[in-house]
Amino acid sequence: MEYRRLGRTELNVSVIGFGTIKFPQVDADEANRALNRALDLGINYIDTARAYQDSESKIGAAIKDRRDEYIIATKSVTRDAAGARKDLETSLNELGIEYVDVWKIHSVSDGDMFKQVMAPGGSLSAAKKARAEGKINHIGLSMHRDLKTMKAAINSDEFEVILLPHSIINQEGVEDEVIPMAKEHDMGIVIMKPFSDGLLISNMSAEERQRADYDPIARGSLRFVASNEAISVVIPGMRNVKEVEENVAVGNMTEPLNDEELKELLAEIGKLGREFRYGQTCLMRCKYCEDVCPENIEISKVYRAVVMATSYPNNLKSMGAELYNSLDVKPSACTECQKCLDVCIANLSIIERMKDAASMFS
Ligand code: SF4
Ligand code: SF4
């Protein structure tokens, strides 16, 4: 298992961590076996949250006697200081521990939420007080979608750790600017959803999955994220020993995928023909379409703009128009030459999407 520095916390974390969002789906014995196996295999970063139902109590029951072997991160979604403090006390009690290593303010995913957190009497003030008292050691936050608010949070320098959704299909676009900026600010960068909500997996039956040593699409996707050295730890959600063993193996294979491996992996993902989170169909990374487009349309960005404008929460839908307006060449320039169709590995109806986008944003 490779270990990396969690930014300026100076904690040394296993590159593969343990996400426990799925623990409500498993019984306490299964959780116990998975967690203990994970610690035995070198995982030392466990992520939970008040909002993950009985996840904290299952962790507490399973491994509180091994407290010096793991770093625990939990979260509170409550925005006011008093409520957040109450959440922290509950977390400590459920986990059966004296202090939390990293306490994250949960899902600060638009500008209004960020203002509430940062305001006098907001949850950040509770986090600072708890840190001064030794109830927590480090302050972090988790964020989705709103790239501007992510940058504002990073620039505030109040947070030592940031938890972001990311995968090989760059589903929320954090790879381009947000991750490098967080790295520049020496934050610990934790990545959730490396399988894009469980959709970056092969088409296998439950029996085939049980028999297989590993899933090649899941393995490649996890390797892709873990090989980014800016990232400290990736926390796939796990439910059992088999998933733990499958993911832990990637902790020893963090060299970047070579061009051929990346091409093959993207081709396999394209063949799945899946609709990912927020209705994303374009894989964003291959860009073979853009290589052949004689009009130089940034086709993947057009796809992203449509996803933002149609599937993001109402207060963030304008991100789509902003991205669209930033494009030098608008999709109305499409001459329907069909060159992109021959090379798109996800077999997308690109011409139709260019037309939809041109009419949607005009
Ligand atoms: S069909 Fe349109 S988008 Fe596709 S390559 Fe031709 S001009 Fe570009
Ligand atoms: S449109 Fe197709 S080839 Fe272009 S980036 Fe998206 S998935 Fe890749």
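Trainee: Quick one to start: which residue in β8 is the bridge partner of S142?

Mentor: That would be L163. Keep in mind as we go that this is a predicted model.

Trainee: Okay! How many bridges join β7 to β8, and do the two run parallel or antiparallel?

Mentor: There are 3 bridges between β7, residues 136–142, and β8, and these strands run parallel.

Trainee: Which helix goes with β7 and β8 in a β-α-β unit?

Mentor: Helix α6, residues 147–156, does, and the unit is right-handed.

Trainee: And what about β8 and β9, how many bridges there?

Mentor: β8 pairs with β9, residues 188–192, over 5 bridges, again in the parallel sense. If you want a spot to look at, find I162, which stands opposite I189 in β9. A right-handed β-α-β unit turns up here as well, built from β8, helix α7 (residues 178–184) and β9.

Trainee: Why is β8 described as largely enclosed by the rest of the structure?

Mentor: Because 4 of its 5 residues, in the stretch 161–165, are buried.

Trainee: Changing topic: how many residues surround ligand 1, and which are the closest?

Mentor: The count is 16, and the closest are C293, C334, C337, K339 and C340.

Trainee: Which helix gives the most to that shell around ligand 1?

Mentor: α16 does, with 3 residues. Helix α15 (339–343) also supplies at least two, and α16 itself covers 350–361.

Trainee: Last one: how does the shell around ligand 1 split by class?

Mentor: It has 11 nonpolar residues, 2 polar ones and 3 charged ones.

Note on methods. Residues are numbered from 1 along each chain as its sequence is written. Chains are lettered from A and ligands numbered from 1 in the order in which they are written. This is a predicted model: local features need pLDDT of at least 70, side-chain atom pairs count only at pLDDT 80 or more; totals for chains, interfaces and linings use all residues. A residue is buried if 20 or more other C-beta atoms lie within 10 Å of its own, exposed if 12 or fewer, and partly exposed in between; C-beta atoms are placed from the backbone. Two strands pair if DSSP finds at least two bridges between them. A crossover is right-handed if, with the strands pointing away from the viewer, the path from the first strand over the helix to the second runs clockwise. A residue is near a molecule or strand if its C-beta atom, placed from the backbone, lies within 6 Å of it. Ala, Val, Leu, Ile, Met, Phe, Trp, Tyr, Cys and Pro count as nonpolar, Asp, Glu, Lys and Arg as charged, and the others, Gly among them, as polar.
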